[in-house]
Amino acid sequence: MDDFRPATTAEHLLWLLGEHGVEHLFLNPGTDSAPLQEAMAVLTEAKVTIPRIITCSFESVALAAAHGYWQVTRRPQCVFVHVDVGTQNLGAMMHNVMRDQAGVIVIAGKTPYGEDPDSLGGRAHPINWQQDVPDQAGIVRGYAKWIMEITRSDMLPRAIGRAVQVATGGRPGAAYLMVSRDVLMDPPAGDLGRTTRYAVARPPAADAETVRWIAGRLVEAERPLLVTSKVGRRSEGFAAVTRLTDLVGLRVIDTPESGCLNIASSHPMNVRSAPEAQQLVRDADLILVVDSDVPWIPKFAQPRDDATIIQVDADPLKTDMPLWTFPVDVAVTADGATALGQLVQHLEELGRDALEHPRTADAVAPAGEPDGPMTAHEVVESLNAVLLPDDIVVEEAVTNAGVLHQALERSLPGTLYGAGSPGLGWGLGGAVGVSMASPGRRVVTVVGDGSFMFGVPTAALCLAAEAGAPILVVVLNNDGYRASRLPVFDLFPEGLSATQGDAVGTRFAYPPDFAAVARACHADGERVRDRAELIPALQRALLAVDSGRSAVVDVHIARG
């Protein structure tokens, strides 16, 4: 409304978020959010545009959803949490936001400062002293991109504008704001403040000379290789990888940890087998590493000494990883999608005559059907049979991520998402965020049984219902923490644990009934042990999603 005048700083804050384009506020309320809750009611009644309020019963799920929404839209959303304890409940999702360079805004309450009887919003409960900690921001200091406390109403417009700008621009990340409820109850600033001219920096491009040099090396190379993780997050990155591959015939290692689709799974130059990828790293005479944190594992494969290694990254130094020492001959500070687009344009200008030796990939024989218990591979093949081309898959399959990467058929950009980092518990909330950002699309998340429980399924499924964003959850249930079992076997191959085929603390003696958990949270739930029942169960679950209801299919696979 043009004549809007806020009555409190809380009302001003919500208005500013809306004016800056924040569409959703994921709310986990506490004693410090009361002024915001009243402001939400007042502004909604007055038909003032503010973010849509999504009630969340657990903070980590809220942040995962905001992260998933960012992946699809590249627009930051807001999460409100309760002082220090709510901030702590963000947990590993802050790690994922940092590693995946996701733009989000976290607003945390702060213990009130006022103690006098006439202090509006002042301290009124023992927790107002107990939750007054020396360094609340220290909880996230190593993971947030930017931190600020709003202590005066007149700084609010600049703080919100700056938060959106910083979260979105450069290498995106989390902007963490703190504000006490007595400040939220203060009269607002006299000037509503500008909501424009907070420019977001455009993605950096490579210089023309470097583009020409890389193009020349690609054309000359006999065994060129592209290793990338996240360049396909943007459709132009997916298109550039595909076109570059078609132009010069280089093989593409689309790493399983990428959390996105960088090239169509069916593309003949896409390397989907881990052993094949390792051999290609050993054989390549040129390796182009683009937007990848871990291009290969030195324990399993290392490039040859005479290979030329070119790295393109917004931060090629990886300054947030203290020990990152992969060999690099030429490092280019540039946005991956932008730089690859420049390479494609230059190569197309050179013409066909310059591209002398098109290369082809060797065919890989499909895996045969195993005997015995169902395997993760069979589950993925069943998904291939029931999914539509534009259905979206969200992945947190952990030790089965490689199987998913090798067998899942996805050919359209934006049809595969993942945290792109190892903080478990992201898959459920992240899928809800992806679903919120993709109305009319079906979203399927594939998780392990451990990551299903890490994801606080009661909170995530309730969030899906609250947001009207149904998801299908496929649980690869191998009866425990395989990701914590395998390192024991690896480090002690002749040890007692390996001999017994088990490791302490990695099996669930009394696992929950995941299907029953789903049914308790407004979702369909079904357990599958017989492979003949798998596709029918998936089809029933997809029908539930089509009707606006989430579903969980708990698939029991071979114990690992």
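**View 1. The second largest pocket has a volume of about 560 Å³.** This is a predicted model, in which local features need pLDDT of at least 70 and side-chain atom pairs count only at pLDDT 80 or more, while totals for chains, interfaces and linings use all residues. Residues are numbered from 1 along each chain as its sequence is written, and side-chain values use heavy atoms, leaving out hydrogens and water. To find your way in, look for Arg 74, Gln 101, Pro 172, Arg 234 and Asp 335, which lie nearest the centre among the 29 lining residues. Helices H5 and H12 are the elements that give two or more residues to this lining. By class, the lining has 9 nonpolar, 7 polar and 13 charged residues. (A pocket, on a 1 Å grid over the protein atoms alone, is an open set of points where a 1.4 Å probe fits, with protein on both sides within 12 Å along at least five of seven lines; a cavity is a set from which the probe cannot get out; lining residues have an atom within 4 Å of a point. Points are joined across faces, edges and corners, and a volume is the space filled by probe spheres set on them. Ala, Val, Leu, Ile, Met, Phe, Trp, Tyr, Cys and Pro count as nonpolar, Asp, Glu, Lys and Arg as charged, and the others, Gly among them, as polar. Helices, H or I of at least four residues, and strands, E of at least two, are DSSP runs numbered from the N terminus.)

**View 2. The largest pocket holds about 1,300 Å³ of space.** Its lining counts 48 residues, with Thr 255, Pro 256, Glu 257, Ile 297 and Ala 401 closest to the centre. Elements giving two or more residues include helix H5 (92–100), strand E8 (251–254) and helix H18 (482–491). Helix H11 supplies the largest share, 5 residues. The lining divides into 23 nonpolar, 16 polar and 9 charged residues.

**View 3. The largest cavity has a volume of about 160 Å³.** There are 3 cavities of 30 Å³ or more. Around the largest cavity are 18 lining residues, and those nearest its centre are Cys 260, Leu 261, Leu 404, His 405 and Leu 416. The largest share of this lining, 3 residues, comes from H14. Sorted by class, 8 of the lining residues are nonpolar, 6 polar and 4 charged.

**View 4. Helix H3 (residues 59–73) packs against H5 at an angle of about 20°, with the axes 9 Å apart.** Axes are lines fitted to C-alpha atoms, for helices over the stretch in contact, and angles run from 0 to 180 degrees between N-to-C directions. H3 and H5 are therefore roughly parallel to each other (angles under 35 degrees count as roughly parallel, over 145 as roughly antiparallel, 65 to 115 as roughly perpendicular and the rest as oblique). Contact, meaning heavy atoms within 4.5 Å, involves residues including Leu 63 and His 67 of H3 and Met 93 and Val 97 of H5. In this contact, 5 residues are nonpolar, 4 polar and 1 charged.

**View 5. Helix H9 (residues 208–220) meets helix H12 (residues 336–350) at an angle of about 70°, their axes 9 Å apart.** The two helices, H9 and H12, are therefore roughly perpendicular. On the H9 side, the contact includes Val 211, Ile 214 and Leu 218, and on the H12 side Leu 343 and Leu 347. Its residues divide into 7 nonpolar, 2 polar and 1 charged.
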